[in-house]
Amino acid sequence: MDPFLILNQIASTGKAFKENEPGSREALIAHSRALVAALEIPSEFIQRTFWAEPNEQAQTVLQPAQSAIIRLAVDVHLFQHLQEAASGLSPVALSEKTGVEVDLLARLARHLVAMNVLVFHSGAFHSTALSNALAEERYQHSIVCCYENSRLALGGLPTYFKKNAYRSPTPGGTDGPFQDAHGTDLRFFDWIVAAPPRLQLFDSFMSVYRAGKANWFEEKFYPVSQRLVCGFDAEISDGLLVDIGGGRGHDVTAFVALHGDLPGKVVLQDREPVIASILDSAEGRVFEVQAYDFFTPQPVKGARAYSLHSILHDWCDDDCVRILENLVPALVRGYSWVLLNEIVISEEKPTLAATSMDMMMLSHFAVRERTEVEWEEILARVGLRVVRIYNYPGVAESLIEAQLA
C-alpha cells in the first residue's frame with residue numbers, strides 16, 4: 001500500500017481518536033502496522049519477526065504465530081507460488097500447489113494477511129513486495145537460520161537466567177543461553193561450522209542482515225576521499241585499506257567499485273579456510289587476499305586504514321584488547337586510521353536495531369554491544385583514541401575512527 005495514503009488515513013483517524021470516537025484507537029494501531037509494513041525493508045522484517053523481542057510464555061519471539069507460519073511457508077514454497085501467480089491464487093489453487101489442506105492453508109495465510117505480509121481480494125491470495133522478497137533464496141535461508149538457531153536461545157532467556165541467579169554469563173564462555181538452549185558446549189561459531197547446512201544458512205543471513213542499508217564507505221556516511229585518499233603516502237606503504245576479517249570480500253568489492261581508481265592497494269584478510277574458498281574466483285578481483293588470524297601480529301605495516309566490520313562485537317573486552325594489540329604495532333602515528341564499523345548504543349535513545357543485536361550477542365555469544373564510553377575504554381587500553389564517530393540515519397552500526405593516542 002502507498003505509505004502516503006496510509007499517512008492520510010492516520011491523520012484522519014487521529015482526529016477521530018481526539019474526539020474519542022469508538023474504534024478509532026484500534027484503527028490507529030492497524031494503520032500504524034500497515035505503515036510499518038509499507039516502509040520496512042525485508043532485512044528489517046526478518047529482524048523484527050524472528051529476534052527482536054524474546055517472550056517467556058511462547059518460548060520464542062513476540063510474534064510466535066507469524067514466525068512459525070513464515071517458517072512453514074519456506075517448506076511449502078508458499079511465497080514462490082504466489083509470486084509466480086500474477087492474478088493471485090484461490091485457497092483451493094494455493095492448497096493444490098503447496099500440498100497444505102485447504103482449510104488449514106486458508107487459516108494460516110489469513111493470519112499473514114492480517115500481518116500485512118499477504119493480501120486477499122477477489123477470492124484469491126496475492127503476493128506483496130515483502131512476500132516476493134522473502135521468496136528469494138537468501139531470505140528463505142535467513143528465515144530457517146533465525147527460526148532454528150535463534151528462537152530457542154532468545155526464548156530460553158527467562159529459564160536460563162532464573163537458573164543462573166540472574167547473572168550475566170561468562171563473557172565469551174561456553175555456558176551461555178545458546179549452549180543451554182541447544183544442549184551443546186560449543187561456542188556459536190564452532191556450532192555453526194560443525195554442520196555445513198547451518199553454515200550455508202548463516203552465510204545467507206549475514207548477506208541480508210544489512211541489505212538495503214548504507215555502507216560505511218559511502219561519502220555521506222564516511223568521507224573516504226577526505227580521510228583516506230587525501231594524505232595517502234605511497235612512500236610509507238602502498239596499502240590504502242586493509243579489511244581485517246572481511247569474509248568473502250563483500251565490503252572491499254563494493255568499496256573499490258564505488259571509489260574507482262584508488263592510489264593504493266586494498267587487502268582482504270580472513271582465516272585460511274575463508275581465503276581458500278575464494279581463491280578459485282580470482283578473475284576480475286580488484287583486491288588482494290591474505291590468510292590472517294587477527295590474534296597474531298598484523299603483517300601489513302603502515303597502511304592508511306585498517307577496517308574491522310562487526311568483528312569486535314563478537315568478542316569479550318579482553319579478546320578485543322588482544323586483537324587490537326596485534327594491530328597497533330602496524331600503525332603509523334598521525335597517519336594510520338583504525339576504522340571500527342560497530343554498533344554504538346545510545347544510553348538515552350537506544351534504537352530497536354541496536355538493542356535487538358545486543359540481545360543476540362547476549363544470548364548467542366555471551367558478549368555485548370557497547371556504548372561510546374565502553375568503546376573508548378577498550379581503545380584506551382591499547383593506546384588508541386577515538387577521533388570521531390560517524391553515524392548514518394537508519395543504520396545500526398556507526399563508524400568509529402581511531403588513531404594512536
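**Note on helix packing and selected sites in a predicted model**

1. Helices α9 and α18 are roughly perpendicular to each other, a class that covers angles of 65 to 115 degrees, whereas angles under 35 degrees count as roughly parallel, over 145 as roughly antiparallel, and the rest as oblique. The angle at which α9 (residues 137-155) packs on α18 is about 90 degrees, and their axes are 9 Å apart; such axes are lines fitted to C-alpha atoms, for helices over the stretch in contact, and the angles run from 0 to 180 degrees between N-to-C directions. On the α9 side the residues are N149, S150, A153 and L154, and they meet M359, M360, S363 and H364 in α18, where contact stands for heavy atoms within 4.5 Å.

2. As to the basis of these values, the model is predicted, local features need pLDDT of at least 70, side-chain atom pairs count only at pLDDT 80 or more, and totals for chains, interfaces and linings use all residues. Residues are numbered from 1 along each chain as its sequence is written, and side-chain values use heavy atoms, with hydrogens and water left out. Helices (H or I, at least four residues) and strands (E, at least two) are DSSP runs, numbered from the N terminus.

3. Helix α18 itself comprises 14 residues, 352-365, and spans 19 Å from its first C-alpha to its last, close to the 20 Å expected at 1.5 Å a residue; the expected span is 1.5 Å times one less than the number of residues. Of the 14 residues, 10 are buried, and the helix is thus mostly covered, with buried standing for under 20% relative accessible area, exposed for over 50%, and partly exposed for values in between (1.4 Å probe, protein chains only). Among the buried residues are M357, D358, M360, M361 and F365. Directly after the helix, A366 adopts a positive phi of about 60 degrees.

4. Helix α9 has a further partner in α13 (residues 196-209), on which it packs at an angle of about 115 degrees with the axes 8 Å apart. That angle makes α9 roughly perpendicular to α13, and their crossing is left-handed, meaning that the near helix is turned anticlockwise from the far one by less than a right angle, while clockwise gives a right-handed crossing. The α9 residues in this packing include R138, Y139 and C146, and those of α13 include Q200, F202 and V208.

5. The pair α17 (residues 317-327) and α19 (residues 372-381) packs at an angle of about 45 degrees, with axes 9 Å apart, and the two helices are therefore oblique to each other. Their crossing is right-handed. Here D317, D318, C320, V321 and L324 of α17 meet I378, L379 and R381 of α19.

6. In the model, H313 sits in the loop between β8 (305-309) and α17 and counts as buried at 9% relative accessibility. Not counting residues up to four places away in sequence, H313 touches E342, M357, M361, V367, R368, E369 and R370. The loop between β8 and α17 also holds S310, which is not a glycine but has a positive phi of about 50 degrees, and which is buried with a relative accessible area of 18%.

7. From the same record comes the feature "domain: O-methyltransferase dimerisation" (unreviewed entry), placed at residues 66-135. In the model this span is 64% helix and 9% strand, and its end C-alpha atoms lie 16 Å apart. H77, in the loop between α4 (64-76) and α5 (78-84), has a positive phi near 60 degrees and counts as partly exposed at 42% relative accessibility.

8. Finally, G231 lies in the loop between α14 (224-229) and β5 (239-244) and is partly exposed, its relative accessible area being 48%. With neighbours within four places in sequence left aside, G231 is in contact with R304 and Y335. Between G231 and G249 the separation is 18 residues in sequence and 25 Å in space, C-alpha to C-alpha.

Methods: UniProt positions are given in the numbering used here, feature names are shortened, and annotations may be inferred rather than shown by experiment.
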